[in-house]
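Dear colleague,

I am writing to hand over the structure discussed below, together with a short account of what was found in it. Please read the notes alongside the sequence and the coordinates.

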Amino acid sequence: MLKQQEKKTALYCRLSQEDKFGNNGGDSSSIQTQKVMLSKFAEENGLRNCEFYVDDGASGTTFEREDFQRMISDIEDGKVGCVITKDLSRLGRNYLEAGRYREMFTECGVRYIAMADGYDSTTDDGGDIATPIKEIIHEFYARDCSRKVKASYRTKAQNGGVVTGIPPYGYSRVAGEKNKLEVNPETAPTVQRMFQMALAGKSPHQIAKALMDDKTLTPKAYLDGTDKGNGETYNFTVKYPYKWGHTTVQAILTNPIYTGKIVCMKLANKSFKNKKKIARPQEDWIVTENAHEALVSQQDFDTIQERVKVKHRPPSEDNTPNKNVFRGMVFCNDCNRRLSYSGKRHLNGIFRCYGNIRYGNVECSSHYIRLENLLSLVLRDIQRHAGLAAESSAKYVKQLLRISESERQGEMATSKKEADKAHKRLTEIDTLIQKLYEDMTFGVITRERFMSMSANLEAEQAALKIRYDELTEYLESSVENARNAELFAELVRQYTDITELDSELVHTLIEKIVVHETEVVNGEKVKRVDIFYRFIGNIGGEVEIVQAA
Ligand SMILES: [Zn+2]
């Protein structure tokens, strides 16, 4: 038998199935690259007498692994001191097989290192990566590595491991599992009530006042004196235990944690070296769905978000209550700004485009509409839908689907084409970056050149990815349509007998209202108003005839 220092360091390279099919997401795993990477690693770690064992899989689908067999027999002959592969998956076609070989190496006293996985059999847990290995991984596998880091964060998030600090109001920690949230039966009903009120059109101010009137303890007052979970108790000085602020209400109503998800990685380090935090683009956030029980549905949560931003108008001077039941939901068709409501000069109030009020006619026209006109128009439309739904729910649902699908059909086909094109280009970019990377590794292009070229490609890739996700979401949404139509039919049929609109009803049924500018059609002044209902969106524009021209 040879002495340890005279033994060979076996550098084993092979193409995995993923590499062959090109699905490895821009990772550079060609045999050439593996060779360079492994020998560089061996050199920097003082591992000598290197020998390559290479299975390039060129022979076809059956993977003979001739060189692997040669390596195994060298190990059995005691010629090998250390085996290095790019990652654990190079060793076998699955984890079981790889595991068996790792055991065999241990029995033969062979050290085994899987670089990209940070595995080294000589360290105790096999999982801790020594610094020089880390550096090489960063240099060679920055892309792969960041994916893995992200994956580990995701696992942590799924285990609730990133929920730190005081549990959000409405939840408490699961006893024993300090990072997992469960519904707090004492405070959750308050949270649910807040979302219900917001959905019914109440402003954060109004919600805060209602909670105060009912003597509901504020989140801080509620926590005071309770167990921190580590034997200690919270100790705050709470002067006014029932004084809810509208900002507290707003913070709760806008926190996505109440939809059951955990959002993390909102902030990122600027780079490996610069630890200053910067805001991450939303598409990079790691969102863990169903991390805990939701207190509000995603649909309701989304509906509320736009409204919570609107400032509440106090009752007008003569103390008549605010008659605008459409608070925060009327928009201008041309500039997409909100229509402002003014109840002072006119008995029933008017809406005008905020762009027109603020910047004049150059920016946008008035889009003037009277509250009473909007009220009767919306009332008529709701009555019509309620009547149809009550008459025959099944027929009505069918009709809804026909309208929405026919409107979408052309758009669906175009979106499908665009999505396919985007997907093709995304794959192309991956290949291009991999090629560039290899060119840099072998000195065909400089590092600077690689950085600038790959940066451009990555920017294109990022933009394209956002668009692709949008398109996919849109294409998938048609499946949800049927269910939503049923939900809406169920909802609207309860309102067959209404004769008057109130804020709660309007906000329950309607998502937003879009007002067009008055046009003259066939000698008549007409104003189009689009009503976007919850669940089903806009189903046919409503035309209001103002007067004969
Ligand atoms: Zn406008």
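Helices in this message are DSSP runs of H or I with at least four residues, strands are runs of E with at least two, and both are numbered from the N terminus. Please bear in mind that this is a predicted model.

I begin with helix 7. This helix spans residues 204-213, and its buried residues are Pro204, Ile207, Ala208 and Leu211. Because these four cover an arc of only 100 degrees around the axis, they lie on the same side of helix 7. After the helix comes Lys215, which has a positive phi, near 55 degrees.

The next point concerns a pair of helices. Two packed helices are described by the angle between their axes and the distance between the axes. For helix 6 (residues 188-199) and helix 9 (residues 246-253), the angle is about 95 degrees and the axes are 10 Å apart. Angles of 65 to 115 degrees count as roughly perpendicular, so helix 6 is roughly perpendicular to helix 9. Helix 6 contributes Val191, Met194, Phe195 and Ala198 to the contact, while helix 9 contributes Val249, Ile252 and Leu253. Sorted by class, the contact of helix 6 with helix 9 has seven nonpolar residues, no polar residues and no charged residues.

Which residues of helix 9 are buried? They are Val249, Ile252 and Leu253. Viewed down the axis of helix 9, the buried residues fall within an arc of 95 degrees, so they line one face of the helix. Val249, Ile252 and Leu253 are also the residues named above for the contact with helix 6.

With kind regards

Conventions:
Residues numbered from 1 in each chain as written. Predicted model: local features only at pLDDT ≥ 70, side-chain atom pairs only at ≥ 80, totals over all residues. Buried ≥ 20, exposed ≤ 12 C-beta atoms within 10 Å, placed from the backbone. Arc of directions from axis to C-beta. Axes fitted to C-alpha atoms, helices over the stretch in contact; angles between N-to-C directions. Parallel < 35°, antiparallel > 145°, perpendicular 65-115°, else oblique. Contact = placed C-beta atoms within 7 Å. Nonpolar A, V, L, I, M, F, W, Y, C, P; charged D, E, K, R; others polar.
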